[in-house]
Amino acid sequence: MAKKYDLTTQELLTYLHQFEDCEFNEPFTGFSEEEISAVEQKYQIKFPAFYRNYMLRCGQHPINNTQDCICPPDEILSNYDYLSDDIDEYADELAELTENEIKEACKENKIYQICQLPQEQWHTIMPEYILIACENQGVWNAGYLRSDLEKGISNPPVYISTQDDFITFEKAAENTEEFLKSIFFMAIWCMGDSVMSFEEKDEVTNVLQAHGIDLSLAEKQGINLCLDTETNILYACAVKGSNLVWLLIVGEDEEDDEDEDEEY
């Protein structure tokens with residue numbers, strides 16, 4: 001079979017281990033059962049099996065903090081933890097406002113609603129998320145809905161903060177593996193010489209077609225992967241909405257790189 005689509009995270013990591021010009025070929029190392037269980041006990045939750053197994057085997061692999069970061073167990077917090085650090089400051093701000101000004105402030109930002117309540121009632125304004133990852137500059141944080149973990153949902157979605165706060169979240173991936181693929185995608189982009197990058201929609205489409213990639217498979221939401229098993233070249237395509245927005249080609253030799261530059 002020349003083309004293999006939808007590689008698993010383990011298959012992707014195994015593929016990346018062949019490249020000596022990056023850190024991805026370091027041994028697979030993970031965190032201990034005790035470290036992961038300590039977080040579960042702290043929040044009285046149970047992480048999904050896929051996440052636990054990944055962290056146990058690969059949690060300390062360099063790919064987890066090459067660009068965006070998968071949090072080590074001792075750095076996992078909830079959005080409530082982060083908000084509680086500054087909540088008194090917002091309460092102090094409200095104390096200096098009139099009743100009408102307070103109403104307006106609460107309309108504009110939920111933090112002002114939250115700061116008027118004890119933490120036990122914050123769930124009436126916003127849900128709690130257990131945050132397992134963050135953007136490299138802290139622009140977003142991502143994690144599981146606490147209630148999903150409490151219910152024992154086997155493969156829950158991953159949510160991401162969307163307004164540079166710890167209040168507003170949207171679904172980022174249907175499950176942990178799909179979320180990890182997005183982390184790996186950005187890490188692959190950082191590899192440098194081993195990767196070709198295309199970002200214009202028409203250019204991405206043309207390159208995929210030229211390499212015989214099935215666009216119906218490449219246009220699925222999220223990060224789509226195709227490994228050409230004959231050439232050992234990986235095609236990683238990011239899709240947002242109805243647009244192919246980014247394509248990374250991994251493993252082409254220098255001669256192929258020159259041909260691509262001339263044609264596209």
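# Exercises on rings, cores and a sheet

Lysine 181 has its place in helix α8. Helices here are DSSP runs of H or I with at least four residues, strands are E runs of at least two, and both are numbered from the N terminus. The model is predicted, so to speak only for what it shows: local features need pLDDT of at least 70, side-chain atom pairs count only at pLDDT 80 or more, and totals for chains, interfaces and linings use all residues. Residues are numbered from 1 along each chain as its sequence is written, and side-chain values use heavy atoms, with hydrogens and water left out.

**Exercise 1.** Work out whether lysine 181 is buried or exposed, and what it is in contact with.

*Step 1.* Buried means under 20% relative accessible area, exposed over 50%, and partly exposed in between (1.4 Å probe, protein chains only). Lysine 181 has 6%, so it is buried.

*Step 2.* Contact means heavy atoms within 4.5 Å. Leaving aside neighbours within four places in sequence, lysine 181 is in contact with Asp6, Leu7, Thr9, Ile223 and Leu225.

*Step 3.* Now try glutamate 219: from lysine 181 to glutamate 219 it's 38 residues in sequence and 15 Å in space, C-alpha to C-alpha.

**Exercise 2.** Classify the ring pair of phenylalanine 47 and tyrosine 144, then do likewise for tyrosine 80 and tryptophan 122.

*Step 1.* Rings of Phe, Tyr and Trp (its six-membered ring) pair if their centres lie within 6.5 Å; planes under 30 degrees apart count as stacked, over 60 as edge-to-face and the rest as tilted. The structure holds 13 aromatic pairs.

*Step 2.* For phenylalanine 47 and tyrosine 144, the centres are 6.3 Å apart and the planes stand at 50°, so the pair is tilted. It links distant parts of the chain, 97 residues apart: phenylalanine 47 is in the loop between α2 (33–43) and α3 (49–58), tyrosine 144 in strand β5 (residues 141–145). Phenylalanine 47 is buried at 3% relative accessibility, and tyrosine 144 is buried at 0%.

*Step 3.* Tyrosine 80 and tryptophan 122 are 5.3 Å centre to centre with 75° between the planes, an edge-to-face pair. Tyrosine 80 sits in helix α4 (residues 79–95) and tryptophan 122 in the loop between α6 (111–114) and β4 (129–134), so the pair ties together parts 42 residues apart in sequence.

*Step 4.* Ring pairs also join Phe47, Tyr51 and Tyr144 into a cluster.

**Exercise 3.** Find which residues have the most contacts inside the largest nonpolar core.

*Step 1.* A nonpolar core is a set of buried Ala, Val, Leu, Ile, Met, Phe, Trp, Tyr and Cys residues joined through side-chain atoms within 4.5 Å.

*Step 2.* The largest one has 51 residues, and Leu16, Phe47, Phe179, Ile188, Met191 and Leu234 have the most contacts inside it. Helix α8 (residues 176–189) gives the largest share, eight residues.

*Step 3.* Not counting residues up to four places away in sequence, methionine 191 touches Leu16, Phe19, Cys22, Phe24 and Val250.

**Exercise 4.** Give the strand order of the open five-stranded sheet, and name its edge strands.

*Step 1.* Two strands pair if DSSP finds at least two bridges between them. The order is β1-β9-β10-β11-β8, with antiparallel pairing.

*Step 2.* The edges are β1 (3–5) and β8 (195–198), each pairing on one side only.

*Step 3.* Strands β10 (residues 233–240) and β11 (residues 243–250) pair over seven bridges, and tyrosine 235 stands opposite isoleucine 249 in β11.
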